[in-house]
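Reader: I have a model open and some questions about how it is put together. Can we go through it piece by piece?

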Amino acid sequence: MSADKHLQSWQERFEMAEAMQPLLGKLYRNQGVEVVVYGKPLLNASTIEIIKAHRLVRRHVGEKLRLRESFPFVQALSRLAVKQCKVDIGKLAVKYWAQHTDTNEIESYMARELAAAIDHADDIAPRDVVLYGFGRIGRLLARLLIERTGRSNKLRLRAIVLRGGKKGDLEKRASLLRRDSVHGPFNGSVEVDEENNAIIANGTYIQVIYANSPDEVDYTKYGITDALVVDNTGIWKDEAGLGLHLKSPGASKVLLTAPAKGAIKNIVYGVNEGDITPEDIIVSAASCTTNAITPVLKAVNDKYGIENGHVETIHSYTNDQNLIDNYHSADRRGRSAPLNMVITETGAAKAVAKALPVLAGKLTGNAIRVPTPNVSMAIISMNLNAETNKDELNEYLKDTALQSPLQNQIDYTDSTEIVSSDLVGSRYAGVVDSQATIAEGKRAILYVWYDNEFGYSCQVVGVMQTMLGLTTLSLPA
């Protein structure tokens, strides 16, 4: 191909992606239809992100999906009365073109494949969400909720609750939402309403409430009712502490973004969200590490069986540590986080059993905090019940990442050059690094990357939707 043809091909793809964007936006805003390409979300995607999502189809089917091949499916989708679902146009297009050579039957094909969502009754009322705490996870949850803003959105961020309230606090909170040293600038507009103590982000009106205790707020004063309160503080972890939220008028359920104590269910979305019942009013989304390793451990155990194992977490430092040496109640954590590797404990290995009881008592764990601000790695060493090797195990995990019910939790890379910063913004619970896999006989060691902030936040949103009964159809099945 000549240089001019390369440029012409790129221009064609770019223009096709640009043409897709308004259709994708209208489908979500007006009909609640979220479009993906083999699991890669196109909601609010840039033209480049749309092109890259199509290129990645090669990992699934051996060849890339051209935008001119998928664009007619987006057009057809926009003409159908499809509501409240997630539609994978990548899978639909690949299946269609395997059997057809022209576009004549796309409309009727789409109508058949999406029949379950056509004229789907939209009788689910939107639900209010309150973020109690606005640190690293709280602000990322806000970004994820705001990116879904629209008339069809059922998960509505109504308020954030903070301690403090000093002069200038509101603007500083808005600034932290607007700019992030790790995840980059907010995709949109953030304004401050000083008079009403609110932040307006992409049209989402977020009431800012100041309180020193979970039971001090009357949410109904702000028109907030039957709300799910997402506690990001990590201060209260048991039923007695988290139950304080339920004493506040307008709050009906609580989700903790940390491992819980006692009998509270620890949920890893994609693994055991089916354990959530309508009667559950306090639930935990476990930890970032538990979310990263549990789906992979489930996949391995389902095929090979796990006799026992050890999880070593190489974890980015967190706000709990000190920038420079200072007093800390925990061992070693008082030493400077940006200057040291710090051995510390993690309960993630034991917590796996709460989401995957079959592994109870089979895993040990430890952690090393390292001088990076985000993206961590879990090294999972296992003794299996059945023999395998590197190629077989990798092929199985690749298939799991691409085709199984865990495809939204597990990603897979065969890159020989990938490093931690490449995974910033990954929406997966964990990413298997196949090049580092070690397996021989009944011994296996897996290296799993995870964005301990953003990937975990995506998992939390899944638990939120499940708690509120807001799960949607995913088509094709």
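**Helices, sheet and salt bridges**

Author: Helix α4 passes α6 in a right-handed crossing. Keep in mind that this is a predicted model.

Reader: At what angle do the axes of α4 and α6 cross?

Author: Roughly 65 degrees, and the axes come within 10 Å.

Reader: Which residues meet there, α4 against α6?

Author: From α4 there are Pro 72, Phe 73, Ala 76, Leu 77 and Arg 79. They meet Ile 106, Glu 107, Tyr 109 and Met 110 of α6.

Reader: And by class, what is in the contact of α4 with α6?

Author: Seven nonpolar residues, two charged ones and no polar ones.

Reader: What do Glu 107 and Arg 79 do with their side chains?

Author: The side chains of Glu 107 and Arg 79 meet in a salt bridge, 2.9 Å from N to O. Glu 107 lies in helix α6 (residues 106-113) and Arg 79 in helix α4, so the bridge ties together parts that are 28 residues apart in sequence.

Reader: Is Arg 79 buried or exposed?

Author: Arg 79 is exposed, at 54% relative accessible area. Glu 107 counts as partly exposed, at 31%.

Reader: How many salt bridges are there?

Author: The count comes to 16. One of the pairs is Glu 12 with Arg 68, whose side chains meet at 3.0 Å, N to O. That pair links distant parts of the chain, 56 residues apart: Glu 12 is in helix α1 (residues 3-31) and Arg 68 in helix α4 (residues 67-79).

Reader: What is the relative accessible area of Glu 12?

Author: Glu 12 has 34%, which makes it partly exposed. Arg 68 is also partly exposed, at 47%.

Reader: Which residue does Arg 178 bridge to?

Author: Arg 178 forms a salt bridge with Glu 171, at 3.2 Å from N to O. Arg 178 is partly exposed at 21% relative accessible area, and Glu 171 is partly exposed at 34%.

Reader: Change of topic. In what order do the strands of the open sheet run?

Author: The order is β6-β7-β8-β5-β4-β9-β10-β12-β11, nine strands with mixed pairing.

Reader: In which sense do β6 and β7 pair?

Author: Antiparallel, over four bridges, with β7 covering residues 198-201. Val 190 stands opposite Ala 201 in β7.

Reader: What does helix α8 touch on the sheet?

Author: Helix α8 (residues 169-178) packs on the sheet and touches β5 (155-162), β6, β7 and β8 (204-210). Its direction makes about 170 degrees with that of β6.

Reader: Back to β9. How many of its residues are buried?

Author: Five of the five in β9 (residues 227-231), so the strand is mostly covered. Ala 227, Val 229 and Asp 231 point one way from β9, while Leu 228 and Val 230 point the other way.

Reader: How many bridges join β4 to β9?

Author: Four, with β4 (residues 127-132) running parallel to β9. In this pairing Val 129 stands opposite Leu 228. β9 also pairs with β10 (residues 251-256) in the parallel sense, over five bridges, and there Val 230 stands opposite Leu 255.

Technical notes:
Residues are numbered from 1 along each chain as its sequence is written. This is a predicted model: local features need pLDDT of at least 70, side-chain atom pairs count only at pLDDT 80 or more; totals for chains, interfaces and linings use all residues. Side-chain values use heavy atoms; hydrogens and water are left out. A salt bridge is a side-chain nitrogen of Lys or Arg within 4 Å of a carboxyl oxygen of Asp or Glu. Helices (H or I, at least four residues) and strands (E, at least two) are DSSP runs, numbered from the N terminus. Buried means under 20% relative accessible area, exposed over 50%, partly exposed in between (1.4 Å probe, protein chains only). Axes are lines fitted to C-alpha atoms, for helices over the stretch in contact, and angles run from 0 to 180 degrees between N-to-C directions. A crossing is left-handed if the near helix is turned anticlockwise from the far one by less than a right angle, and right-handed if clockwise. Contact means heavy atoms within 4.5 Å. Ala, Val, Leu, Ile, Met, Phe, Trp, Tyr, Cys and Pro count as nonpolar, Asp, Glu, Lys and Arg as charged, and the others, Gly among them, as polar. Two strands pair if DSSP finds at least two bridges between them.
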